[in-house]
Amino acid sequence: MIEPTDVAIDTLLAELRDRLDDSVDAPTTLRGLLEAVLVVGSGLELDSMLQRIVSAATALLDARYGALGVRAADGGLSEFVYVGINPTQREVMGHLPEGRGILGLLINDPRPVRLGDLSKHSASIGFPPNHPPMKSFLGTPIMVRGKVFGSIYLTEKLGAPEFTEEDEVILKVLAMSAGVAVENARLFEGSLDRERWLTAMASINSRLLMGGSVDETLSMLTGQVRELARCAGAYVMLVDGHHGRLQAASPAAPCGKDKRFDLTGSPVLKALKSRQPMHLDTLEGLPPMEQGDEGHAVVLPLSATSTVTGVLVATREAGTEPWDDEDVARFESMANLAAVALEFAEQQRKKRLLDVLADRDRIAQDLHDNVIQRLFATGMSLQSATADGADTARVVEVIRHAIEQLDRTVREIRTTIFDLHTTGAAASNSLRRRL
């Protein structure tokens, strides 16, 4: 866990103490700041933490309204948490802020902003209809590892026309503490994510060891990838030359399983050639996705021993965060599991084929011995019928018995050949097969 001991925080606290030395309320203010920092740092669930940050800042600095915007990948706001606006006001306000105007200024230029009247600032774009009136404004960015995570916004200072320099310093300290708390929450969520991925991989390994079918295993794998990585879709495609065959998909592909595609010019072939994960900024050329080309994806080759058998593809909708290196490493682990499942299925197929061939060899040997014995016995019977003085009736009986033996032998040979060439569940459950 990260502790809030940065030099920047110490500097801000020293500046705050200097400003509050002559103030009667200095101990109360510092005590309130300490309590706010402790409240912000309590708990590790990110969503509830964001709400605590806004509530603590609003209460500490006597603001009527407070909000926290989380920066999105495209520079806007991906999340907006607020306090001070009741449900009735929220219903008539329309959409939440999207990170334009002064709010966007804090995102694009992460420096504190303190205004007596925010409507007079050059970056102000006004309020949407039915928005409550707001005049005084104080905002500061929340930095996590040197990058802008989001910003805290406070408006309408109670009991004063605008926020003071002391308020600005206090909000900076609170924002830095919030950055530490957010990083701790992210680390905690990251550990939970790793645990979920490890659990998923262990369950897939167990299914493989228990002899689960390759279709069930890969369907389970793509479902886990889609859920854990928050993908729009995930699928496994086997590649043969310039053609691909869909093996498993989550959600189920509208084209159906085993659909074949022409991959000429597809990034799938490029990923197979490089044998390295490939990030794509568009879904163009990625069958069987039919939702258009908007979005981004990662393509990972499946390497089984020394041969590449196919790819694992994960897609996301446009406007979502791209996957980082840790996410891609997890995808590679899943791709390796998919390769193991395919290799295991291939080895099982070869083993079953060898068992069938061995069984047929045994049948052939038994059939050979049985046929030779019957033909030898039939030959001896016919030879005895050729002796001088043999009774005609007996000769006829010997020949008739020999014909019956030959017919029976031919029928058994034909039956054996028919059974060896018959496959399928119906044939395996037939009475003849069971006998």
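Which element gives the largest share of the lining of the largest pocket? That share comes from α6, with 9 residues. Keep in mind that what you're looking at is a predicted model.

Rolling a probe the size of a water molecule over the atoms shows where empty space is left. Here, the largest pocket holds about 1,600 Å³ of space. It is lined by 36 residues, and the ones closest to its centre are Arg186, Glu321, Pro322, Asp324 and Asp327. What kinds of residues make up the lining? They split into 17 charged, 14 nonpolar and 5 polar.

Besides α6 (165-209), the elements that give two or more residues to the lining include the helices α3 (46-60) and α9 (325-385). Strands join in too: β1 (63-71), β2 (77-83) and β5 (147-157) are also on that list.

**The sheet**

Those strands lead us to the next feature. Strands of a sheet pair through backbone hydrogen bonds, either parallel or antiparallel. In this model, 5 strands build an open sheet, and the pairing is antiparallel. Reading across, the order goes β2-β1-β5-β4-β3. Which strands sit at the edges? Those are β2 and β3 (113-115), and each of them pairs on one side only. On average, neighbouring strands are turned by 15° against each other, if you ignore direction.

Now zoom in on β4 (residues 137-144) and β5: they run antiparallel and are joined by 8 bridges. In β5, Thr155 is the residue standing opposite Phe137.

**The rings**

A pair of aromatic rings is described by the distance of the centres and the angle of the planes. The count for this model comes to 4 aromatic pairs. One of them is Phe80 with Tyr153, a stacked pair with 6.4 Å from centre to centre and 25° between the planes.

Notes. Residues numbered from 1 in each chain as written. Predicted model: local features only at pLDDT ≥ 70, side-chain atom pairs only at ≥ 80, totals over all residues. Heavy atoms only, no water. 1 Å grid on protein atoms, 1.4 Å probe; cavity = no way out; pocket = protein on both sides within 12 Å on 5 of 7 lines; lining within 4 Å. Points joined across faces, edges and corners; volume = space filled by probe spheres on them. Helix = DSSP H or I, 4+ residues; strand = E, 2+ residues; numbered from the N terminus. Nonpolar A, V, L, I, M, F, W, Y, C, P; charged D, E, K, R; others polar. Phe/Tyr/Trp six-rings, centres within 6.5 Å; stacked < 30°, edge-to-face > 60°. Pairing = 2+ DSSP bridges. Axes fitted to C-alpha atoms, helices over the stretch in contact; angles between N-to-C directions.
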